[in-house]
Amino acid sequence: MRKLLVVFALLGMLLPGCVYVNMDIENKPVQGTDFSKLKTFSFKQKSESKKDLEAILLNTAKIELEEKGFRYDPAAPDFLVVVNFGSKAFLERGNTYKREAYEYDYISKSYSEIGVVKAADASRVNNTVRIYMMTPENEGLKTFLWRGKAASDDQEGLEVVGRCLVKGALLKFPAADGNFREKLNVRDCE
């Protein structure tokens with residue numbers, strides 16, 4: 001019995017290194033934006049109720065942007081970064097059906113649809129991270145420069161895969177425009 005417990009403990013330690021996040025990514029830069037002229041960024045925090053998770057996701061965005069040559073400067077940023085995130089649990093019941101998410105899209109000023117759920121009998125979580133980059137606020141007016149979205153259906157929530165979704169959304173920033181798929185190992189996102 002003790003040997004069986006040790007085997008399960010070892011398997012439990014090895015499995016997190018093998019977890020991949022398959023994500024759908026959508027990048028939409030605003031035409032005419034030249035990010036080579038923008039050097040500094042800051043964050044605009046949005047969520048009071050989930051500020052611990054938001055801090056983790058913002059830190060991941062900071063690391064990714066700094067790796068791309070941008071510098072964090074809260075005093076005089078060239079652009080602001082907003083990270084919007086959410087999870088919605090659903091149960092797939094063997095039938096294909098459509099459902100809507102409850103996430104607000106700043107650009108279209110509407111709630112977005114997640115899409116079609118694939119048929120299977122498993123409990124899943126739809127995780128979505130949206131990243132908006134805008135000019136610093138000037139008398140309440142915002143000019144969007146870039147937006148990206150990464151979404152995945154996983155067994156885990158944003159606490160586990162959120163960093164990967166932020167990294168995936170910023171993977172091809174600022175050049176890529178359009179939709180693409182990425183697969184990242186959770187261990188590479190820590």
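Contact here means heavy atoms within 4.5 Å. Keep that cut-off in your viewer, and note that this is a predicted model: local features need pLDDT of at least 70, side-chain atom pairs count only at pLDDT 80 or more, and totals for chains, interfaces and linings use all residues. Residues are numbered from 1 along each chain as its sequence is written, and side-chain values use heavy atoms, with hydrogens and water left out.

**Stop one: Val-81.** Select Val-81 and look around. Setting aside residues up to four places away in sequence, Val-81 touches Phe-41, Ser-42, Phe-43, Lys-44, Leu-65, Ile-131, Tyr-132 and Met-133.

**Stop two: the core.** Val-81 is among the residues that touch the most other members of the largest nonpolar core, which has 36 residues. Such a core is a set of buried Ala, Val, Leu, Ile, Met, Phe, Trp, Tyr and Cys residues joined through side-chain atoms within 4.5 Å; buried means under 20% relative accessible area, with a 1.4 Å probe and protein chains only. The largest share of this core, 6 residues, comes from α3.

**Stop three: α3.** Now select residues 158–169, helix α3. Helices are DSSP runs of H or I, at least four residues, and strands are runs of E, at least two, numbered from the N terminus. Its buried residues include Leu-158, Val-161, Cys-164 and Leu-165.

**Stop four: the loop.** Move on to Pro-174, in the loop between α3 and β9. A cis peptide bond joins Phe-173 to Pro-174, with omega about -5°.

**Last stop: Glu-182.** This residue lies in strand β9. Is Glu-182 buried or exposed? Glu-182 is buried, at a relative accessible area of 18%. Beyond its neighbours within four places in sequence, Glu-182 is in contact with Val-21, Asn-22, Met-23, Ile-25, Leu-171 and Lys-172.

Methods: Expected span 1.5 Å × (residues − 1). Buried < 20%, exposed > 50% of the residue type's maximum accessible area, 1.4 Å probe, protein only.
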